[in-house]
Amino acid sequence: MKTAVFIEPGKMAVQELPKPTIQDPKDAILKIVRACVCGSDLWWYRGISKRQANSPVGHEAIAVVESVGEGVTNVKPGDFVIAPFTHGCGHCAACLAGFAGDCQNKPASEIVGYQGEYLRFVNADWALVKIPGKPSDYTDAQLNDLLTLSDVMATGYHAAASAEVKAGDTVVVMGDGAVGLCGVIAAKLRGATRIIAMSRHEDRQRLATEFGATDIVAERGDAAVERVMALTDGNGADAVLECVGTEQSVDTAVKVARAGAIVGRVGVPQKATMDTNALFWRNIGLRGGVAPVTTDDRNVLLDAVLSGQIHPGKVFTKRFTLDQVQAAYEAMDKREAIKSLLLIDGE
């Protein structure tokens, strides 16, 4: 089967690899329909983090179930599914509490290879999210909306949920990548009436506004803090969604929050430590982490997409075939695409 692999920083390729097989009773083999490139993939693509050469890549997809292990009863061959990057078991303490991203029975090593024709999915009995019907029942735009539920929309929603965004809130969203833009959608979905998007790029500003942002702040650092405080009459935001992970973004997120607010943090930390004293002196909470994709998809997001209430698939601004994976990564790296879509199953 064809699968995208990492060769070295700046270089991707498509290789023929053995098709995966069932290895555990709770496994499923999926035939990938659509996949995509994540902003976190750029870390090793740019050489910022280490990755083994010739290793399969990708952690977001929608797919059709081809076969299942004997312990899988909730999905069957032919089912159309969202394949989350999380592989929650559904019965450990973390999953039962609604935090499937922290499953105590998740695979020992990261499951990758979603950017390929087939995928072995672990803990398939609970973690896969069934989509009604089959891929051909949906429009191109709807398929893109569904694809975001494998990671980026669920992660943006987790930021809003962690920050406890509620009706009437003023929310600041740090980051104008796909996660940040989905955070704007999530804030509006949860009832925020004012959404301040921090963005310096015109195309992303336009999309943020379309998704529900009421204000755009292009400044960074202290200038950004001053601008947000001016917009909020010196009060700060009721909730802040931190969707970047850099030291500056986290610092700004804390400074634009009002006393007693919560920062919902989903940007993967790019620094090992942070100074929490600023949180203490203003009673600011800091929550977040790995998104519980399956949980939030089932509870909120799948219905929101199927009903047409949200359209997160608009974050895919360029599309590529699997054979064009190098160009897909380059488009993300050069900011020519907000998020690159990969068409896999003969599309």
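**Entry 1: the chain as a whole**

I began with the surface: the chain exposes about 14,500 Å², and carbon and sulfur atoms supply 49% of that area. A reminder to myself before going further: this is a predicted model. I then asked what share of the residues is buried. Of the 347 residues, 54% count as buried.

Next I looked up the overall dimensions. Along its principal axes, the C-alpha trace spans about 60 × 40 × 40 Å. For 347 residues, a compact globule would have a radius of gyration near 20 Å, and the chain has 20 Å, so the two agree.

For secondary structure I noted twelve helices and 16 strands. I also checked how far along the sequence the contacts reach. Taking contacts between residues at least 6 apart in sequence, I found that 70% join residues at least 24 apart.

**Entry 2: a helix pair**

I picked out helix α5, residues 152-162, and helix α11, residues 293-306. How do they pack? Their axes lie 10 Å apart, at an angle of about 85 degrees. Angles of 65 to 115 degrees count as roughly perpendicular, and α5 and α11 are therefore roughly perpendicular to each other.

I wrote down the residues that make the contact: α5 brings M153, A154, Y157 and H158, while α11 brings V293, D296, D297, V300 and L301. Sorted by class, the contact of α5 with α11 has six nonpolar, one polar and two charged residues.

I moved on to A83, which I found in strand β6, residues 80-83. Buried or exposed? The relative accessible area of A83 is 0%, so this residue is buried. I listed what A83 touches, setting aside residues up to four places away in sequence: L30, A61, Y114, F121, L128 and S150. I also took the spacing between A83 and A124, which are 41 residues apart along the chain, with 8.9 Å between their C-alpha atoms.

T21 itself sits in the loop between β2 (11-16) and β3 (28-36). Residues up to four places away in sequence aside, T21 touches I29 and R120.

**Entry 3: around F80**

Here I followed I131 and P135, which share F80 as a contact. I131 belongs to strand β8, residues 129-131. With a relative accessible area of 4%, I131 is buried, as the cut-off for that is under 20%. Beyond its neighbours within four places in sequence, I131 is in contact with I62, F80, V81, I82, Y138 and L146. For L146 I looked up the C-alpha distance to I131: 8.6 Å, at 15 residues apart in sequence.

P135 lies in the loop between β8 and α4 (140-148). Which residues does P135 touch, not counting those up to four places away in sequence? I noted V33, V64, F80 and L143. P135 and F80 are 55 residues apart along the chain, yet their C-alpha atoms are separated by 6.8 Å.

**Entry 4: two positive phi values**

Last, I went through some backbone angles. E164 has phi near 55 degrees, a positive value in a residue other than glycine. I placed E164 in the loop between α5 and β9 (170-174), and α5 is the helix I had already seen packing with α11. The relative accessible area of E164 is 43%, so I recorded this residue as partly exposed.

N283 also has phi near 55 degrees, and it too is a residue other than glycine with a positive value. Where is N283? I found N283 in the loop between α10 (277-281) and β14 (285-288). Its relative accessibility is 63%, and over 50% is exposed, so N283 counts as exposed.

Conventions:
Residues are numbered from 1 along each chain as its sequence is written. This is a predicted model: local features need pLDDT of at least 70, side-chain atom pairs count only at pLDDT 80 or more; totals for chains, interfaces and linings use all residues. Side-chain values use heavy atoms; hydrogens and water are left out. Axes are lines fitted to C-alpha atoms, for helices over the stretch in contact, and angles run from 0 to 180 degrees between N-to-C directions. Helices (H or I, at least four residues) and strands (E, at least two) are DSSP runs, numbered from the N terminus. Angles under 35 degrees count as roughly parallel, over 145 as roughly antiparallel, 65 to 115 as roughly perpendicular and the rest as oblique. Contact means heavy atoms within 4.5 Å. Ala, Val, Leu, Ile, Met, Phe, Trp, Tyr, Cys and Pro count as nonpolar, Asp, Glu, Lys and Arg as charged, and the others, Gly among them, as polar. The radius of gyration is taken over C-alpha atoms; the globule rule is 2.2 Å times the number of residues to the power 0.38. Buried means under 20% relative accessible area, exposed over 50%, partly exposed in between (1.4 Å probe, protein chains only). Accessible areas come from the Shrake-Rupley method with a 1.4 Å probe; for residues, only the protein chains shown count as cover.
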